[in-house]
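Look over the sequence and the 3D view that follow. The briefing then goes through the strands, the cores and the charged pairs by topic.

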Amino acid sequence: MPTNQWMEKYEAVKNRLDCKTDLDAYFTEKKIGGMEVDVLDIGTVHFPTGTIVACDPLVTLGEAQPYLQKVPTGTYPVRICVMRSQEYGDRYACVKVAVRDQKPVRYELGMVGDENLDEEIGEDEFFGFFVDAGMGCIADIQTQEAFRKYWEQREAEEDGIDPYNDLFCDLLEENFQAHPQYQREGGDWLNWTVPGTDCNVPLFASGWGDGVYPCYFGYDPEGDVCGIYIRFIDIELECADSLPE
């Protein structure tokens, strides 16, 4: 839990961390900043507690800290905004969990409560989760705990295993075979259920690959969460130089 001192600092800078980009437009428009985009549906995600994590599933799924922001419990559609580019290839620019069928009026940055708020926060700066293996995911903390128990059991039975080579690699390739659209041969997304549970984890390629990526909570005019957005590519900012004159 964050300290009272941290919360006081956060309240002072909270609005400055809001995303100024209309992230929902990534899922309703055909072009963003002159780049063609499309939407890929990858099923649903179940949030049995409404407390969630976003992280690199191949590295930190078992220990990622949950966000302070919470969402209503339920099962929600998951969609990916695909940026289509001849120069870069198809890239996953943003992931949306549609909590309600409303357009956000504000995008609040997801925070875990230990971010360093002592330094000046510049325009367009954000806190985010680290990706070291080229993928991101979103999951409920109950799913996180189910995965942790499952993986501890696997490790007790098999020495020297890792989540990519001994779990997700083959599953990603199989998912590519079943759903090749907007995927490379090794697989770029997977909606995986922890064996023996109803807890699932949507996994997806992380835009440019390794880096730090923000998660935003979209709020409707009534102040309720209506969507969660993981932005991998700020298309207008990062891709303007690649557009034809």
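Two strands pair if DSSP finds at least two bridges between them. Helices (H or I, at least four residues) and strands (E, at least two) are DSSP runs, numbered from the N terminus. With those terms, an open sheet of 7 strands can be read in the order E1-E2-E4-E5-E13-E12-E6, with antiparallel pairing.

This is a predicted model, in which local features need pLDDT of at least 70, side-chain atom pairs count only at pLDDT 80 or more, and totals for chains, interfaces and linings use all residues. Residues are numbered from 1 along each chain as its sequence is written, and side-chain values use heavy atoms, with hydrogens and water left out.

**The open sheet**

- The edge strands are E1 (31–32) and E6 (106–109), and each pairs on one side only.
- Inside the order, E4 (residues 74–84) and E5 (residues 91–98) run antiparallel and are joined by 6 bridges.
- Met83 has Arg91 in E5 as its bridge partner.

- Buried means under 20% relative accessible area, exposed means over 50%, and partly exposed lies in between (1.4 Å probe, protein chains only).
- Strand E8 (residues 135–140) is largely enclosed by the rest of the structure, because 6 of its 6 residues are buried.
- Met135, Cys137 and Ala139 point one way from E8, while Gly136, Ile138 and Asp140 point the other way.
- Strand E3 (residues 52–55) runs antiparallel to E8, with 4 bridges joining them.
- Ile52 stands opposite Asp140 in that pairing.
- E8 also pairs with E10 in the antiparallel sense, over 3 bridges.
- Here Met135 has Ala205 in E10 as its bridge partner.

- E9 and E10 (residues 200–205) run antiparallel and are joined by 5 bridges.
- Thr193 has Asn200 in E10 as its bridge partner.
- There are 6 residues between the strands of this hairpin, and Gly196 takes a positive phi near 80 degrees.

**Nonpolar cores and a surface patch**

- A nonpolar core is a set of buried Ala, Val, Leu, Ile, Met, Phe, Trp, Tyr and Cys residues joined through side-chain atoms within 4.5 Å.
- The largest nonpolar core has 58 residues, and Phe204, Ile228 and Ile235 touch the most other members.
- Another core lies apart from it, with 22 residues, among them Ala139, Phe147, Leu172 and Val194.
- On the surface, Phe126, Phe130 and Val212 form a nonpolar patch with about 270 Å² of accessible area together.
- Patches are made of residues with over 30% relative accessible area and no salt bridge; like charges are joined within 9 Å, and nonpolar side chains (Val, Leu, Ile, Met, Phe, Trp, Tyr) within 5 Å.
- Accessible areas come from the Shrake-Rupley method with a 1.4 Å probe, and for residues only the protein chains shown count as cover.
- Phe126 is placed in the loop between E6 and strand E7 (129–131).
- With a relative accessible area of 31%, Phe126 is partly exposed.

**Salt bridges**

- A salt bridge is a side-chain nitrogen of Lys or Arg within 4 Å of a carboxyl oxygen of Asp or Glu.
- The whole structure holds 15 salt bridges.
- One of them joins Arg106 and Glu108, whose closest N and O atoms are 2.8 Å apart.
- Arg106 is partly exposed at 29% relative accessibility, whereas Glu108 is buried at 5%.
- Both belong to a network of salt bridges that links Lys14, Asp18, Arg106 and Glu108.
- Arg148 and Glu145 also meet in a salt bridge (2.1 Å, N to O).
- These two are 3 residues apart in helix H2 (residues 141–157), so about one helical turn separates them.
- Arg148 is partly exposed at 26% relative accessibility, and Glu145 is partly exposed at 30%.

**A closer look at Asp188**

- Asp188 sits in the loop between helix H3 (164–178) and strand E9 (189–193).
- Is Asp188 buried or exposed? Asp188 counts as buried, at 7% relative accessibility.
- Its side chain forms a salt bridge with that of Arg184 (2.6 Å, N to O).
- Arg184 counts as exposed, at 56% relative accessibility.
- Not counting residues up to four places away in sequence, Asp188 touches Tyr92, Met135, Tyr182, Gln183, Leu203, Phe204 and Ala205 (contact means heavy atoms within 4.5 Å).
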